[in-house]
Amino acid sequence: MQPVSVSIKLCDMVIRAVFCLLFLFSSIASFASNDTSERDTGGHSPHYLDFTAGLLAYGSDPGYSLELSYAFFPVKYVGASLGLEFTRMLGSDGTYIDLLHDINEDDAKVMHFNLNPSVCFRSPILWFKGHESGLQLQVSPGAQLTMPKRSVVIDEHNGSGIVMRDYEIKCDNSRYVFWRVKSSVSWTDGQSHISLGYSMSNYDVYVFRRNLSFNGKKIFSDGRHKFLHTFFVSVGTTIFR
């Protein structure tokens, strides 16, 4: 069986499992919550602001991400969100090409800004005793629209570290649109929340440099495209009350 086929089947299994868990949790929470046990939210705003910090794993390559997102829930359990995310991969900033050429240090850094639109499905809150706080599950399938570098600068030096001239190499055939499935469990009081979660996407963190070549030689050797896994914590609250 080919590696790509295995990856596609694994992705499909994970997505199905996430949605099955959402359905199960929603069923349990709906059964546990009724008119007398479901706390009155006091007309809280359907607008939410979230800040998320995550640890990335792209194969064996680590990284981190920071995301600020806005969500709107016109229906109690269904909404939409848009996030602005910064991603940075660590330990993969090699600049060496050959004895006389190096990639500019700033251009070698693997970091991107992404726009992340998604649809949000959340369960009813399963209130703890006293109905002051509870647990809520959320699943958000969506897209990642990346903004990769369009070019990199290569420095030519004289062997002693003195730069003689620069070359600008264009990044062609870059891909810009990927998918992402994000899931989380939140502790909430109905207004603010703290969440722990996991997301998986086919986002290629090295997309901008896979096709870069200089003097007929590929500059980077980043291996095959893998799935990106993110483990994150987020805090959020309602806004526009």
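At 13% relative accessibility, His-193 counts as buried.

Visitor: Is His-193 buried or exposed in this structure?

Guide: The model is a predicted one, and in it His-193 belongs to strand β12, which covers residues 193-201. Buried means under 20% relative accessible area. His-193 has a relative accessibility of 13%, so this residue counts as buried.

Visitor: With which side chain does the side chain of His-193 make a polar contact?

Guide: Leaving aside residues up to four places away in sequence, His-193 touches several residues, among them Trp-187, Gly-236 and Asp-50. Gly-236 is 43 residues away in sequence, yet the C-alpha atoms of His-193 and Gly-236 are 5.4 Å apart in space. The polar contact between side chains, at 2.8 Å, is the one that His-193 makes with Asp-50.

Visitor: How many residues apart in sequence are the parts that Glu-67 and Arg-180 tie together?

Guide: The side chains of Glu-67 and Arg-180 meet in a salt bridge, with 3.4 Å from N to O. Because Glu-67 lies in strand β2 (residues 61-75) and Arg-180 in strand β11 (residues 177-188), the pair ties together parts whose separation in sequence is 113 residues.

Visitor: Which residues do salt bridges that share partners join into one network?

Guide: Glu-67 also forms a salt bridge with Lys-182, where the closest N and O atoms are 3.9 Å apart. Lys-182 counts as buried because its relative accessibility is 15%, and Glu-67 is buried with a relative accessible area of 5%. Through shared partners, the salt bridges join into one network Glu-67, Arg-180 and Lys-182.

Definitions and conventions
Residues numbered from 1 in each chain as written. Predicted model: local features only at pLDDT ≥ 70, side-chain atom pairs only at ≥ 80, totals over all residues. Heavy atoms only, no water. Helix = DSSP H or I, 4+ residues; strand = E, 2+ residues; numbered from the N terminus. Buried < 20%, exposed > 50% of the residue type's maximum accessible area, 1.4 Å probe, protein only. Contact = heavy atoms within 4.5 Å. Polar contact = N/O pair within 3.5 Å; in protein donor to acceptor, adjacent residues only side chain to side chain. Salt bridge = Lys/Arg side-chain N within 4 Å of Asp/Glu carboxyl O.
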